[in-house]
Amino acid sequence: MGAIVDDPKLVYRRTLWFYALTTIPLTAMGTFVSNFYFIYATDVLLLAPAVVGSLIAFARIYDGVSDIVIATWSDRSESRHGRRRPFILVGGLMCSMFWILFLLPEGLSTTQKILWVFIAHIWIQTALTLRSIPIRALGIESGKTAQQRTMFGILVPFLTIPAVVAVNFAGQGALLADDPAATIAPWVIAGSLLPAILTLVAFPLLKELPTRHRSVERNVWKMFKEVLGVGYHRQLIAVQFAESFAFTSLAFSVPYMLRYVLDRPDMIAVIFVTYLVIQRIVGFAWYKMIPRWGMRSIWSKGLWMWMLVFACIPLVPWGGFPLYFALAALAGIAGGAAAVNYAMLGDIADYDARVSGRERQGIYMTIYRLVGNIGGAATGFALGWLLQLSGYVPNGEQGETTIAAIIASSSILPIIGVAIGLAILSRYRLYEREGMSDGKRQDDGAKGAEFGSRAPA
């Protein structure tokens, strides 16, 4: 059997399981980065918060820009090995260097540390882009229903639960250890090599569908203009930006909240694990509700639950750790609803393909990630400068201004983002206007309805 097969079900199954197998160790590394790297950089590497926030912001913006290049190249590439597979292979192998984010040579000056971390971020973001954009595009291409595409977004996170639990407790231990870098070195190196090994072993099983372009576009800016010209797409990525800004604010602030506001650094892993395990398990419950509520309604319900969580964060200094724990559990329930936005993006790509005749799943994925990265970049930049300007002292007692800044970063900033997202999502009308189904059981026959050409301005 060759790399190209005209069997969507086979391609979907192979892509799903290849993605799951290779993502488990990468999720372990990604969990440490998303949950602990900010405070690791300020309290272990001893970089100024504003510098860390700026580096993370730049890395995320670079990731979004590189997404454009990789997605465009992937969409246009045609060979006997497939459009997507070569990128996935190279990206998986490059991930073997993930450890350079954490393990810096001894004796570096502050400037050298900044340069090292900067280069490390660029390398890792490039590796992850080469891998994730093409493989998610394959998931959209081969998964044809709302539930198939939603499953792509919830099964893999569910399978990573053991890795997520282990890394959160390891990360907490590293922060509290006498030599955090030496403590995490063995599992960081192992976690970097394992994805590359698994990619090499499983790669021959990965398949692709034949390319079915109406024509190959050569002007990338024209293509982006057309894709962004789809009004439904603009609405969806606006919600994605608001959501990313909100959630990244909360994630970055958790270690600071527990270490400096509640004085419970021993509970950092407990909070992250509570949220992530509930999110992954409850994702299947949201998935089961697609036939009853539809994807848009599910995403909206999740955002309203997030709004409640963020609104209660300022009460945590009075409610203490029990309240913070309860909010983490509620956030996990809310977070499980976000898996449907991947499927909704696929519906927009389908609509565009029907109208334009062009399969541009890679471009849709890259814009989706670009917007998410910009939201995360804004969060990292804001948090870094909030801490810097409030007088943050690494590993020391914080003043009232710094405590207020930490609380604001996990409540006021996210509330603004979620409120904007809810307002935009309430006006999203792809399914009603274009005769498409968002997964509701009563709309099962609508998927085959004729597509219109209307889109919101």
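The side chains of Arg259 and Asp43 meet in a salt bridge, with N and O 3.3 Å apart. This pair joins distant parts of the chain, since Arg259 belongs to helix 9 (residues 231-261) and Asp43 to helix 1 (residues 8-43), 216 residues apart. The model is predicted, and a search of the whole structure finds three salt bridges. The count of aromatic pairs comes to 22, and the mean pLDDT of the chain is 81.

**Salt bridges**

- Arg259 has a relative accessible area of 18% and is therefore buried, the limit being under 20%.
- A salt bridge between Arg296 and Glu432 has its closest N and O atoms 2.5 Å apart. The pair links distant parts of the chain, with Arg296 in helix 12 (residues 295-312) and Glu432 in helix 18 (residues 430-434), 136 residues apart.
- Within this pair, Arg296 counts as buried at 17% relative accessibility, whereas Glu432 is partly exposed at 44%.
- Asp266 and Arg264 form a salt bridge in which the closest N and O atoms are 3.2 Å apart.
- Asp266 is partly exposed, with a relative accessible area of 33%, and Arg264 is likewise partly exposed, at 31%.
- In general terms, side chains of opposite charge can pair when their charged atoms come close.

**Aromatic pairs and cluster**

- The model holds 22 aromatic pairs. One of these brings together Tyr275 and Trp306, whose ring centres are 5.9 Å apart and whose planes meet at 50°, so the pair is tilted.
- Tyr275 lies in helix 10 (residues 268-288) and Trp306 in helix 12, so that the pair links distant parts of the chain, 31 residues apart.
- Both Tyr275 and Trp306 are buried.
- For Tyr428 and Tyr431, the ring centres are 6.1 Å apart and the planes stand at 70°; the pair is edge-to-face because this angle is over 60 degrees.
- Tyr428 and Tyr431 are both buried.
- One aromatic cluster is formed by Phe32, Phe36, Tyr37, Tyr40, Phe98, Phe102, Trp187 and Phe272.

**Charges over rings**

- The charged end of Arg264 sits over the ring of Phe321, 5.3 Å from the ring centre.
- Arg85 lies over the face of Phe203, at a distance of 4.3 Å from the centre of the ring.

**Confidence**

- Of the residues in the chain, 90% reach a pLDDT of 70 or more.
- Confidence is highest in helix 13 (residues 316-335), at a mean of 92, and lowest in helix 5 (residues 146-159), at a mean of 71.
- The stretch of residues 443-457 has a pLDDT below 50; in the model, this stretch has 37 contacts beyond near neighbours in sequence.

Notes. Residues are numbered from 1 along each chain as its sequence is written. This is a predicted model: local features need pLDDT of at least 70, side-chain atom pairs count only at pLDDT 80 or more; totals for chains, interfaces and linings use all residues. Side-chain values use heavy atoms; hydrogens and water are left out. A salt bridge is a side-chain nitrogen of Lys or Arg within 4 Å of a carboxyl oxygen of Asp or Glu. Helices (H or I, at least four residues) and strands (E, at least two) are DSSP runs, numbered from the N terminus. Buried means under 20% relative accessible area, exposed over 50%, partly exposed in between (1.4 Å probe, protein chains only). Rings of Phe, Tyr and Trp (its six-membered ring) pair if their centres lie within 6.5 Å; planes under 30 degrees apart count as stacked, over 60 as edge-to-face and the rest as tilted. A charge sits over a ring if NZ of Lys or CZ of Arg is within 6 Å of the ring centre and within 35 degrees of the ring normal. pLDDT is the predictor's confidence in each residue, from 0 to 100. Contact means heavy atoms within 4.5 Å.
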